[in-house]
Amino acid sequence: ALNREFDSLDQFGRVCAEYIWIGGTGRDIRSKTKCLDKAPESADDLPIWNYDGSSTGQAVGEDSEVLLKPERIFRDPFRRGENILVLCSTWKPLNDGNMIPLTIEKDLTKVFGVSGNNTRESAKKIFDNPIVKEQEMWFGIEQEYTLFQADRVTPLGWPKNGFPRPQGPYYCSNGAENSFGRDIADCHLRACLYAGVNISGTNGEVMPGQWEYQVGPCEGIESGDHLVISRYLMYRICEKFNVVVSFEPKPMPGDWNGAGCHTNFSTKDFRDPFVKFDYIPEGGPYKGQELTGAWAKMIAALEKMGKKAKEHLLVYGAGNELRLTGKHETASMDTWSYGVANRGASVRIPRDTFNKKYGYLEDRRPASNIDPYLVTSKLAETILLS
């Protein structure tokens, strides 16, 4: 409301471009504004910019510049008009005028994939692989989050220094006694639709003050781009409500659901009811059975994933061990399983997919604070390139 008197002021053809990037913790999303003389036709028309990486935990003061390379443009739901949001990747400049992808954490498994690294570039190489490209891999990511009061301690709907009623009435709920934060969820939905984020829905979650929205289906690198911008929009909207959003996987200890980023995925072969393929699993629930078609492709992929289950968990988000306990609709970190309509499995096979024998699968292990570039490219690598 404070900005409304300035909304109708003429910009005389100039355009505000909000450059957006992932900060040093991997959890923070940073941005700053560049004024342009005209609207660009694509991200390639935008200039590379820089920022002080020593202030974001991504560089030292003696060599502080980090470069911002525009990758994708979205409409700006806050400034509107011709103004834009610009998703950027981060790069380290070299003395010879070249640049390399920014690397802060050399071993991503030490931070479970959550870092200030430029992981988009390595993911893009996987998605640009001709084998992966031919399979047109789709992703739909379910981003769960928790809304806190400004004290960063009390979730919305929780009494100060106390607890609400047990879980049960809050999931997909309605009514002032059950639903907390709907205005934020709805504002975020509208902002994503305006911006051009491929959002497909939203709902209240199991714990009071917890919500979810879904981004997708998106193909390849697009999935990570759209999820990062959706998180940026959530931070900005919560800022207006003086509410703090958490993307941590277990924001409240105790008998409460955690927060995940369930990742739905499919290949072109998964979605093709007429694909020719035969497979006899050596393990799992379909061991020794003669499987055919898309169904055989999916079970073969799941068997590949099972062999690399621990490897995936090392980049599936920080603090995930607090969430993946085998309780609260999760599988244990120490097990691997897949099953039809089973929300206690590592990967759920949707009932509709099982009945039709083609469709998609849901990896339920990723935490709410994942780096989406790592998770989506890891799935592509394991299923299509291993």
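**Cavities and pockets**

The second largest cavity has a volume of about 60 Å³. Please keep in mind that this is a predicted model.

The model has three cavities of 30 Å³ or more. The largest cavity holds about 110 Å³ of space. Its lining has 14 residues, and those nearest the centre are I22, C88, S89, T90 and Y373. Two elements, β1 (15-22) and β5 (84-93), each give two or more residues to this lining. The largest share comes from β5, with four residues. By class, the lining of the largest cavity has seven nonpolar, six polar and one charged residues.

The largest pocket has a volume of about 730 Å³. Which residues lie nearest its centre? They are R4, P77, F78, R80 and K240, out of 24 lining residues. The elements that supply two or more lining residues here are α1 (4-7), α4 (182-195) and α5 (221-241). Five residues come from α5, and that is the largest share. In the lining of the largest pocket, eleven residues are nonpolar, three are polar and ten are charged.

The second largest pocket contains about 570 Å³ of space. It is lined by 36 residues, and E142, H262, N264, R348 and E362 are the closest to its centre. Which elements give at least two residues each to this lining? They are β7 (138-148), β8 (199-204), β9 (210-219) and β11 (261-266). By class, the lining of the second largest pocket has ten nonpolar, 15 polar and eleven charged residues.

A word on how to think about such spaces. Rolling a probe the size of a water molecule over the atoms shows where empty space is left.

To recap, the largest cavity has about 110 Å³ of space, and β5 gives the largest share of its lining. The largest pocket has about 730 Å³, and there α5 gives the largest share.

How values were computed. Residues are numbered from 1 along each chain as its sequence is written. This is a predicted model: local features need pLDDT of at least 70, side-chain atom pairs count only at pLDDT 80 or more; totals for chains, interfaces and linings use all residues. Side-chain values use heavy atoms; hydrogens and water are left out. On a 1 Å grid over the protein atoms alone, a cavity is a set of points where a 1.4 Å probe fits but cannot get out, and a pocket is an open set with protein on both sides within 12 Å along at least five of seven lines; lining residues have an atom within 4 Å of a point. Grid points are joined across faces, edges and corners, and a volume is the space filled by probe spheres set on the points. Ala, Val, Leu, Ile, Met, Phe, Trp, Tyr, Cys and Pro count as nonpolar, Asp, Glu, Lys and Arg as charged, and the others, Gly among them, as polar.
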